[in-house]
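User: Here is a structure. I would like to know what stands behind the terms used to describe it.

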Amino acid sequence: MARYDVFNGDADGICALHQLRLAEPVESHLVTGVKRDIALLARVGAGEGDQVTVLDISLDKNRAALERVLAAGARVRYFDHHFPGEIPVHALLDCHIETLPDKGTSLLVDEYLGGSQRAWAVVGTFGDNFDAAARRAAEPLGLADEDLGRLRELGIYINYNGYGAVLQDLHFAPDLLYRRLRPYADPLAFIAEDPAFAALRDGYADDMARARAVRPALETDRHGLYILPADPWGRRVGGVLANELAQASPERAHALLTRLPGGGFLVSVRAPIARPEGADQLCRQFATGGGRKAAAGINDLPESDYDRFVAAFTGAF
């Protein structure tokens, strides 16, 4: 019997898997990629009797591969908070899918495990920009404010590491970063002991200093739109800059458009934190768009669709 762990390369996906494997340690084939690489089940060749765990990737975007794996006789356990479309009913499928605007996959796994790895659920939830939900989840841990702040930093840095068009844009490939986390039941111990934390912190500080110097291409009381260059730092920082802007201006929607080397844009959208809905509906109007209610994106917005996107963005929020 083969086991496969299929997970998004961002903080929510990595921390969801880490919680699960701390509670249920097994050896598995790791299948992941950059944050926007979500068609991951297509890479899984599972067959009869195999076990597949899927975390933090849209069922709707992986439907055909899921149906193929189930038809081959593999058992699939699926945790996610993105738009799923119609969920298949199958004896071999165990689904844990919710689309609440402030509940990510790390919290779904935390619920499944009865809170046994709560500190890592907090890290993943901070990383997904659900600050209020992360603080609520952390209350039973009784952490000092300084330690809670460290967990928030770690979540942001792991999430930051997942952004990029290709693995070469990242500081750490997501499967390698997960393996760095794997020995640590306590995220504070990882922060203190593994030099990967300092590498992510320093890379984040450098990239964000450049990003904060970018002026908005569009700014109103309700909207902020920024265009970043086709450089690796621009591809790394788009999503976390969108999160930072969203936290700073909770009544405003934000869009970060990063130029792609071959033309067009990689797009990150954040609905206003005060009204965290509509980002997924906006992005699904475009061919490579998807995501969740509070945060979504478009993998390749053609230059010719820029005006249509701006009109849809300003009209949606």
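The questions and answers below take the terms one by one.

User: What kind of model is this, and which residues count for local features?

Analyst: The model is predicted; local features need pLDDT of at least 70, side-chain atom pairs count only at pLDDT 80 or more, and totals for chains, interfaces and linings use all residues. Residues are numbered from 1 along each chain as its sequence is written, and side-chain values use heavy atoms, with hydrogens and water left out.

User: Why is Leu 141 called partly exposed?

Analyst: Buried means under 20% relative accessible area, exposed means over 50%, and partly exposed is in between (1.4 Å probe, protein chains only). Leu 141 has a relative accessible area of 34%, so the residue is partly exposed. Leu 141 sits in the loop between helix 5 (131–138) and helix 6 (145–162). Helices (H or I, at least four residues) and strands (E, at least two) are DSSP runs, numbered from the N terminus.

User: Which residues does Leu 141 contact, leaving aside its neighbours within four places in sequence?

Analyst: They are Arg 118, Ala 119 and Val 122, where contact means heavy atoms within 4.5 Å. Leu 141 and Val 122 are 19 residues apart along the chain, and their C-alpha atoms are separated by 10.0 Å.

User: Why is Arg 252 called buried?

Analyst: Its relative accessible area is 17%, so Arg 252 counts as buried. Arg 252 lies in the loop between helix 10 and strand 8. Not counting residues up to four places away in sequence, Arg 252 touches residues including Glu 219, Asp 221, His 223 and Pro 272.

User: What makes the phi of Asp 56 worth a remark?

Analyst: Most residues other than glycine have a negative phi. Phi of Asp 56 is near 70°, a positive value in a residue other than glycine. Asp 56 is in the loop between strand 3 and helix 2 (63–71). With 0% relative accessibility, Asp 56 counts as buried.

User: Where is Asn 129 found, and is Asn 129 buried or exposed?

Analyst: Asn 129 is in the loop between helix 4 (118–127) and helix 5. Its relative accessible area is 14%, so Asn 129 is buried. Asn 129 also has a positive phi, about 75°, although it is not a glycine.

User: What makes strand 3 largely enclosed by the rest of the structure?

Analyst: In strand 3 (residues 51–55), 4 of the 5 residues are buried, so the strand is largely enclosed by the rest of the structure.

User: How do you know that strand 1 and strand 3 pair?

Analyst: Two strands pair if DSSP finds at least two bridges between them. Strand 1 (residues 3–7) and strand 3 run parallel and are joined by 5 bridges; Arg 3 has Gln 51 as its bridge partner in strand 3. Strand 3 and strand 4 (residues 75–80) also run parallel, with 5 bridges, and the bridge partner of Leu 55 in strand 4 is Phe 79.

User: Why are strand 6 and strand 10 said to stand at the edges?

Analyst: The open sheet has 6 strands in the order 6-7-8-9-11-10, with mixed pairing. Strand 6 (218–219) and strand 10 (289–291) each have a single partner strand, so one side of each is left without a neighbour in the sheet. Strand 10 pairs with strand 11 (residues 295–301) in the antiparallel sense over 3 bridges, and Gly 289 stands opposite Ile 298 in strand 11.

User: Why is helix 1 called roughly perpendicular to helix 6?

Analyst: The axes of helix 1 (residues 11–23) and helix 6 come within 8 Å and cross at roughly 115°. Axes are lines fitted to C-alpha atoms, for helices over the stretch in contact, and angles run from 0 to 180 degrees between N-to-C directions. Angles under 35 degrees count as roughly parallel, over 145 as roughly antiparallel, 65 to 115 as roughly perpendicular and the rest as oblique. That makes helix 1 roughly perpendicular to helix 6. Ala 11, Ile 14 and Cys 15 in helix 1 meet Gly 155, Ile 158 and Asn 159 in helix 6.

User: Which residues of the largest nonpolar core touch the most other members?

Analyst: Of its 53 residues, they are Leu 55, Trp 120, Val 122, Leu 154, Ile 158 and Phe 190. Helix 6 supplies the largest share of this core, 7 residues. A nonpolar core is a set of buried Ala, Val, Leu, Ile, Met, Phe, Trp, Tyr and Cys residues joined through side-chain atoms within 4.5 Å.
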